[in-house]
Amino acid sequence: MISIVIQNDAPLVWKASDWLKIREEHRIVGSLIGCLVGLPRQDMFQGLPLMLLKEEVTLLLEKKLACVVSDSSLAQQPDESSREKYLLYKEENKKEQLQCYDAQRKEQITSMIDRIIEGKRRKLLGLSTKKKKLNEQENSNSEETLSPELELDRDEILKNELNKSSANLSPPLLVQTFSSEQWVKESGEEVEWKFPETLHEKLRYSTFKDLWERGYYITEGHKFGVDYLVYPGDPVKFHAQFLVVCKEYNESFSSVDFISYARLGSISRKTFVIATKPMNSEDILYQSIQWAEK
């Protein structure tokens with residue numbers, strides 16, 4: 001059973017498995033409104049949670065595919081116990097990262113220790129450590145210049161280099177961004193879902209359901225100033241084919257609106273459709289508007 005969590009009057013799906021299931025198996029698209037955990041500083045691609053249309057929620061409930069719950073813990077501030085657990089986890093995570101870094105750094109420094117010692121010896125003897133000058137000195141009589149009596153403590157140098165590496169790591173540690181609550185127990189309680197209530201909401205839902213049963217994918221149409229965008233397949237692969245506006249059967253609209261609808265469909269290269277429901281009928285009627293050639 002898919003859990004739809006109501007938060008600030010918005011129906012949200014938080015689990016990735018639920019999002020994938022309702023999209024692939026039930027053609028419910030919704031809108032991703034969260035940020036990606038791995039790429040939080042961009043807004044080109046969105047992540048969980050998935051916010052559903054009210055029509056989508058009603059359809060899932062009607063098909064007995066989901067339940068609507070309200071989690072009171074989401075509105076609560078973290079208590080002192082949760083803060084302590086988080087700080088403890090953060091400190092343990094930091095220690096683990098330092099241990100991994102020290103192990104990798106020790107391996108790198110150990111493989112380069114001979115070069116490091118050689119560089120320190122040359123500095124003590126007043127010789128240049130730059131590559132160009134180093135080659136010139138090697139071509140000259142470098143054996144006479146380097147004193148074999150100058151010995152350096154290999155273990156001490158290795159220790160100093162490792163301490164220097166660990167000290168430089170303090171600020172840039174990786175910080176985990178949690179996508180779910182780790183220390184607060186969820187307390188989801190089923191709530192009553194009351195959509196649709198008004199006549200217009202019932203018309204919208206009947207239209208949405210009828211289009212969905214015909215095999216279409218439906219998304220909200222605010223971008224084009226309509227009720228729905230209707231796709232012949234998944235919106236990732238297809239452009240919208242229809243622009244749908246829901247109108248009451250006896251509702252009138254001006255000629256300016258009529259022309260605007262036709263122009264909108266022509267400019268966007270989509271078919272503009274008016275959906276209505278006659279009195280005492282359960283069927284949805286569709287009327288398309290297109291420019292006619294002279």
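This is a predicted model: local features need pLDDT of at least 70, side-chain atom pairs count only at pLDDT 80 or more; totals for chains, interfaces and linings use all residues.

Student: Okay, sheet first. What is the strand order in the open sheet of five strands?

Tutor: The order is β7-β8-β9-β10-β11, and the pairing is mixed.

Student: Which ones are the edge strands?

Tutor: Those are β7, residues 217-220, and β11, residues 285-289. Each of them pairs on one side only. From one strand to the next, the twist averages 30°.

Student: And β8 with β9: parallel or antiparallel?

Tutor: They run antiparallel, with three bridges joining β8 (residues 228-231) to β9 (residues 242-246). If you want a pair to find on screen, Leu229 has Leu243 in β9 as its bridge partner.

Student: Nice. Which helix packs on the sheet?

Tutor: That is α7, residues 199-213. This helix touches β7, β8, β9, β10 and β11, and its direction makes about 150° with that of β9.

Student: Switching topic: which residues make the nonpolar surface patch?

Tutor: Tyr86, Leu87 and Val175 make it, and the patch covers about 290 Å². Leu87 sits in helix α3, which spans residues 80-124.

Student: Is Leu87 buried or exposed?

Tutor: Leu87 counts as exposed because its relative accessible area is 54%, and the cut-off for exposed is over 50%.

Student: Now the backbone. Where are there cis peptide bonds?

Tutor: One runs from Leu48 to Pro49, with omega near 10°. Pro49 belongs to strand β4, residues 46-51. Another joins Phe195 and Pro196, where omega is about 5°. Pro196 is in the loop between β6 and α7, and α7 is the helix that packs on the sheet.

Student: Why point those out?

Tutor: Because most peptide bonds are trans, and most residues other than glycine have a negative phi.

Student: Which residues have a positive phi without being a glycine?

Tutor: Lys64 is one of them, with phi of about 60°. Arg269 also has a positive phi of about 60°.

Student: Where do they sit?

Tutor: Lys64 lies in the loop between α2 and β5. Arg269 is in the loop between α8 and β10.

Student: And is Lys64 buried or exposed?

Tutor: Lys64 is exposed, at 68% relative accessibility. Arg269 is exposed too, with a relative accessible area of 80%.

Definitions and conventions: Residues are numbered from 1 along each chain as its sequence is written. Side-chain values use heavy atoms; hydrogens and water are left out. Two strands pair if DSSP finds at least two bridges between them. Helices (H or I, at least four residues) and strands (E, at least two) are DSSP runs, numbered from the N terminus. Axes are lines fitted to C-alpha atoms, for helices over the stretch in contact, and angles run from 0 to 180 degrees between N-to-C directions. Contact means heavy atoms within 4.5 Å. Patches are made of residues with over 30% relative accessible area and no salt bridge: like charges are joined within 9 Å, nonpolar side chains (Val, Leu, Ile, Met, Phe, Trp, Tyr) within 5 Å. Accessible areas come from the Shrake-Rupley method with a 1.4 Å probe; for residues, only the protein chains shown count as cover. A salt bridge is a side-chain nitrogen of Lys or Arg within 4 Å of a carboxyl oxygen of Asp or Glu. Buried means under 20% relative accessible area, exposed over 50%, partly exposed in between (1.4 Å probe, protein chains only).
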